[in-house]
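Reader: I have a structure to study for my course. Could we go through some parts of it together?

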Amino acid sequence: MTASSQVKLKPGDTIGILGGGQLGRMLATAAARLGLRCQVYSPDPDSPAFDVVQHATCAEYADVEALELFANDVDVVTYEFENVPAATAMILGARRPVLPDYTVLETTQDRLAEKDFVTGLGIATARYADVSSAVGLRAAVATIGLPAVLKTRRFGYDGKGQAVIREGDDLDAVWADLETKSAILEGFVPFEREISVIAARGADGAVECFDVTENQHGDHILRVSYAPAAIPEAVAAEARAIATKIAAALNYVGVLAVEMFVVPGGDGPTLMVNEIAPRVHNSGHWTLDGASVSQFEQHIRAIAGWPLGKPVRHGNVTMTNLIGDEVNDYERWLTIPGATVHLYGKGAARPGRKMGHVTQVTPSASPKP
Ligand code: AMP
């Protein structure tokens, strides 16, 4: 309905957040600091974001009546996860501005559409092919070569819905195990490191990127992020330019993350885009304590129609995720000088579940007077 450029919230207004995980919790906390209220919508009664807002809607995403009541209560709608059902966004979008726009999700919910979009902008990705059968997988392997990574087109996260294929693997078995009808095969990228750019774009087209983050994964889950990434400034500038180009091409309003591979080459490292996350992102959590404005605040500012901050990094920052029972170590982290502990208030510390994170900032030397 209302064009994004017309959204201009005032302190006291209410933002509706779809999704009740830790990202929603940290968005709502950032909004509160700016005098804005949030109402969280989630089907899960144990949503960690419910704990930090006064008003919450616990209902299924297909519950039309609940969605209509929710829309009535809020001034703008945003989301903290990318798999918002199309029908949900339609119902809400007919009543309130939804930012970023739903069309962004149509691109980023589907790995094939996303790769086509990115390569269409002249930005490099891994080589890829559409796969919808075991026969198609054999043809794709013949084109792309091995090793390669087979990924479901939709609903994959933290390595779920992925399989690395190596020489000699039984392709029929790999296809059957993925339990999907639509996938893409990507060439395996021999990257030297993984980085991400967290970018905020306002409705006026202004973009602010945080310093490039370097990310280390284990079992496909982000373990540790470092800011800044240990890459030459020219590569960092290129990474920011790629994220800016993507945000502009999507006519994006809010914060997005672009994950990239740094690939070694004879003429120096080059970049390939792996994935776009149309939301605040785990690799941007360091900004909570390591920068003058956090990714969560930037997102809130962007969707409120407020000026973006110009992020200043406070020093070299390390962000360590507390995954599964690692969270039980929180008392030790609390005693470490300079460590800032964030716990998400989740119940069961299941393996692989993100339970909290810790940021550690080594302050930059102050400029000499
Ligand atoms: P994704 O779900 O696409 O973000 O992939 C999760 C992780 O798997 C990435 O962060 C990489 O560590 C690894 N990965 C994904 N795609 C590739 C690829 N084409 N080549 C090498 N590693 C990959």
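Reader: Where is the place of S292?
Author: S292 sits in the loop between α9 (287–290) and α10. Helices are DSSP runs of H or I with at least four residues, strands are runs of E with at least two, and both are numbered from the N terminus. This is a predicted model, in which local features need pLDDT of at least 70, side-chain atom pairs count only at pLDDT 80 or more, and totals for chains, interfaces and linings use all residues. Residues are numbered from 1 along each chain as its sequence is written, and side-chain values use heavy atoms, without hydrogens and water.

Reader: Why does S292 count as partly exposed?
Author: S292 counts as partly exposed because its relative accessibility is 40%. Buried means under 20% relative accessible area, exposed means over 50%, and partly exposed lies in between (1.4 Å probe, protein chains only).

Reader: How far apart are S292 and H314 in space?
Author: Their C-alpha atoms are 7.2 Å apart, while the two residues are 22 residues apart in sequence.

Reader: And how many residues of helix α10 are buried?
Author: In α10 (residues 295–304), 10 of its 10 residues are buried. Among them are F296, H299 and I303.

Reader: What follows α10?
Author: G305 follows α10, and its phi is positive, near 80 degrees.

Reader: Changing topic, is E179 buried or exposed?
Author: E179 counts as exposed, because its relative accessibility is 72%. E179 lies in the loop between α7 (171–178) and β8 (183–187).
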